[in-house]
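Please prepare a short briefing on the structure shown below, with attention to its nonpolar cores and to its paired strands.

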Amino acid sequence: PDDDLDIVIFANTQNTIPGVASKKIADIVLGLPQDDEFICSQPVDNVDGAYIGINEPHPFHMVHNGRLNGNPLIHIKDSLYALGETVDRIDLGEKPKFKIGAGTGDLRRISLAPVNKDILGKYYSEELDIFYYITEKDGKMFLSSYKEGDMPLYDFAENTYTTPMCRVRITEDGFALSGGRAYNIKFVRV
């Protein structure tokens, strides 16, 4: 407001991020210094795997065959990648981090959870009137339902697992499911 600058952006594609574009325009018009170069961490041999935000534990990101959540990764240098033809950056090195839109943060690489036979079984949510199952296949654990199918369980924290869609916190009589706009939906073992 002090500079009497208004920026209006119209876009008819979803790959234009108005917040990022308006910041870049403001930086140029006002002669502000550009963002520092995104510093790369030490590269790793294989970037494929599951990543989760440290400060925002959802969303879940999967890197597989040069794609992040299905979107192409373009290698820039060392451990630094661009998300498609955007200004978004992700470092998939020893200290993974991201710069997506106006947000930045650290990532944590997570692994598939080892099988815990004590929690395998059938669970029911009275609130949703739906069954979920924690199953084992080929030495891996899955959260399964008729709608989502089999979702692999990844270690998140003690007694807590994550999938690409939700988090499962094991409780005394079942588990609490959180994800998207739902929080702590109670499932009881049956």
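The briefing covers the basis of the model, its cores and its strand pairing.

This is a predicted model, in which local features need pLDDT of at least 70 and side-chain atom pairs count only at pLDDT 80 or more, while totals for chains, interfaces and linings use all residues. Residues are numbered from 1 along each chain as its sequence is written, and side-chain values use heavy atoms, with hydrogens and water left out.

**Nonpolar cores**

- A nonpolar core is a set of buried Ala, Val, Leu, Ile, Met, Phe, Trp, Tyr and Cys residues joined through side-chain atoms within 4.5 Å; buried means under 20% relative accessible area with a 1.4 Å probe, protein chains only.
- The largest nonpolar core has 19 residues, and Tyr132, Ile134, Met141, Leu143, Phe175 and Phe187 touch the most other members.
- At least two residues of this core come from each of β10 (130-137), β11 (140-145), β15 (167-170), β16 (174-179) and β17 (182-189); strands are DSSP runs (E, at least two residues) numbered from the N terminus.
- The strand that gives the most to this core is β10, with three residues.
- Another core lies apart from it and has eleven residues, among them Val63, Leu68, Leu73 and Tyr81.

**Contacts of Leu143**

- Not counting residues up to four places away in sequence, Leu143 is in contact (heavy atoms within 4.5 Å) with residues including Tyr132, Met151, Val168 and Phe175.

**Strand pairing**

- Two strands pair if DSSP finds at least two bridges between them.
- Strands β14 (residues 160-162) and β15 run antiparallel and are joined by three bridges, with Thr160 opposite Arg169.
- Four residues separate β14 from β15 in their hairpin.
- Four bridges pair β15 with β16 in the antiparallel sense, and Ile170 has Phe175 as its bridge partner.
- The hairpin of β15 and β16 has three residues between the strands.

Definitions and conventions. Buried < 20%, exposed > 50% of the residue type's maximum accessible area, 1.4 Å probe, protein only.
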